[in-house]
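Here is a quick tour of one chain, taken a piece at a time. Have the sequence and the model open as you read.

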Amino acid sequence: METGRVPDERLRLLAVHAHPDDEASKGAATVARYVREGVDVLIATCTGGERGSILNPAMDRPDVIENLAGVRHHEMERAIALLGAHHAWLGFVDSGLPEGDPPPPLPDGCFALQDVDVAAERLVKVIREHRPHVVLTYDENGGYPHPDHIMTHKISLVAFDAAGDPERYPHAGEPWQPLKLYYHMWARARWFAIHEAMLAAGMESPFTEWIERAADWPDRDDRITTRVECGDWFETRDDALRAHGGERADVRLDGVGRHTFPARVTQVIGQPLRSAGAVHASSACVWIITSTARPRAQSR
Ligand SMILES: [Zn+2]
């Protein structure tokens, strides 16, 4: 394979995420798989999750609230260690998820209000330092409509296109052009499969409302071009999720719209589900990858 790299050089992957815990809930099993295969994986987190919500009443205390960013940084270290990746903070401030009708304005100085071209420089610097062959990020809808997720998509595209251009961001390191940019993607078929599997297992599905609304959403599964088997790493993913406020930390933090699964959902539903997603895009075309896995019985 001609990639321009020296033969014994490790492959490198960069996964760009909006908040602490996104790396554990989006493509984590895929990352864990590549780490175990010897790929050098760096996870870049755009914001510190400062506007997260504490969902565990036991942790809804002033000392935790005052130190929310510190708590999330600590959780992040554990999750990254479990995945076996490296980590970089881009240092932007969480925009929060505006709720209400009309939604309130975004807070001054937050990530989503930054100038895209200016903000992208921090990611260009990360790309030029890590020199990834593949970059993972969110699609143009952010995976879900959180302003920080959409901003993550925007700076990822700018950085991907600019990182190899010596004329752009000349003070952000030696140029490096990654080969591929992939978007994470939740397959619609996966939503329905999870939902139906939970009901079949006699569980209450947290996706009932989403499924009802999804009837009006466009089916984008035809964008999926690539699937990565990652079912053998679902336990690792679950461990990383729990590092962000599960039973180990006795805290549940979710600053990103309550999109983190209860661990039991991923465990109980894992067998028919065993999938995670990503979409691939470049400036010239859009490819989509999503991850699927063999049934558990065949994977051992
Ligand atoms: Zn998020």
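## What you're looking at

This is a predicted model, where local features need pLDDT of at least 70, side-chain atom pairs count only at pLDDT 80 or more, and totals for chains, interfaces and linings use all residues. Residues are numbered from 1 along each chain as its sequence is written.

The chain has 11 helices and 11 strands; these are DSSP runs numbered from the N terminus, with helices being H or I of at least four residues and strands E of at least two. Of the 300 residues, 46% are buried. Buried here means 20 or more other C-beta atoms within 10 Å of a residue's own, exposed means 12 or fewer, and partly exposed is in between, with C-beta atoms placed from the backbone. Take the contacts (C-beta atoms, placed from the backbone, within 7 Å): among those between residues at least 6 apart in sequence, 76% join residues at least 24 apart.

## Helix 4

Helix 4 covers residues 68-83, and its 16 residues should span 22 Å at 1.5 Å a residue, which agrees with the 22 Å between its end C-alpha atoms. The expected span is 1.5 Å times one less than the number of residues.

Its buried residues are Leu 68, Val 71, Arg 72, Glu 75, Met 76, Ala 79, Ile 80 and Leu 83. Looking down the axis of helix 4, they fall within an arc of 165°, so they line one face of the helix. That arc is taken over the directions from the helix axis to the C-beta atoms. As background, an α-helix has 3.6 residues a turn, so residues three or four places apart point the same way.

## The nonpolar core

The largest nonpolar core holds 59 residues, and Leu 14, Leu 123, Val 124 and Ala 159 touch the most other members. Such a core is a set of buried Ala, Val, Leu, Ile, Met, Phe, Trp, Tyr and Cys residues joined through C-beta atoms within 7 Å. Helix 6 (residues 147-162) supplies the largest share of this core, 7 residues.

Skip the neighbours within four places in sequence, and Leu 14 is in contact with Leu 42, Ala 44, Val 126, Ile 127, His 130, Pro 132 and Val 135.

Most residues other than glycine have a negative phi, and most peptide bonds are trans. Asp 21, in the loop between strand 1 (12-17) and helix 1 (22-25), has a positive phi near 105°. Asp 21 is also buried, because 29 other C-beta atoms lie within 10 Å. Tyr 169 has a positive phi too, near 50°, and is buried with 22 other C-beta atoms within 10 Å.

For a cis peptide bond, look between Asp 101 and Pro 102, where omega is about 0°. Pro 102 sits in the loop between strand 4 (86-92) and helix 5 (116-130).

Pro 178 counts as buried, with 20 C-beta neighbours inside 10 Å. Beyond its neighbours within four places, its contacts include Ile 127, Pro 132 and Phe 160.

Arg 220, in the loop between helix 8 (208-214) and strand 7 (226-227), is partly exposed, with 15 other C-beta atoms within 10 Å. The C-alpha atoms of Arg 220 and Ala 189 are separated by 9.8 Å, with the two residues 31 apart along the chain.

Technical notes: Two residues are in contact if their C-beta atoms, placed from the backbone, lie within 7 Å.
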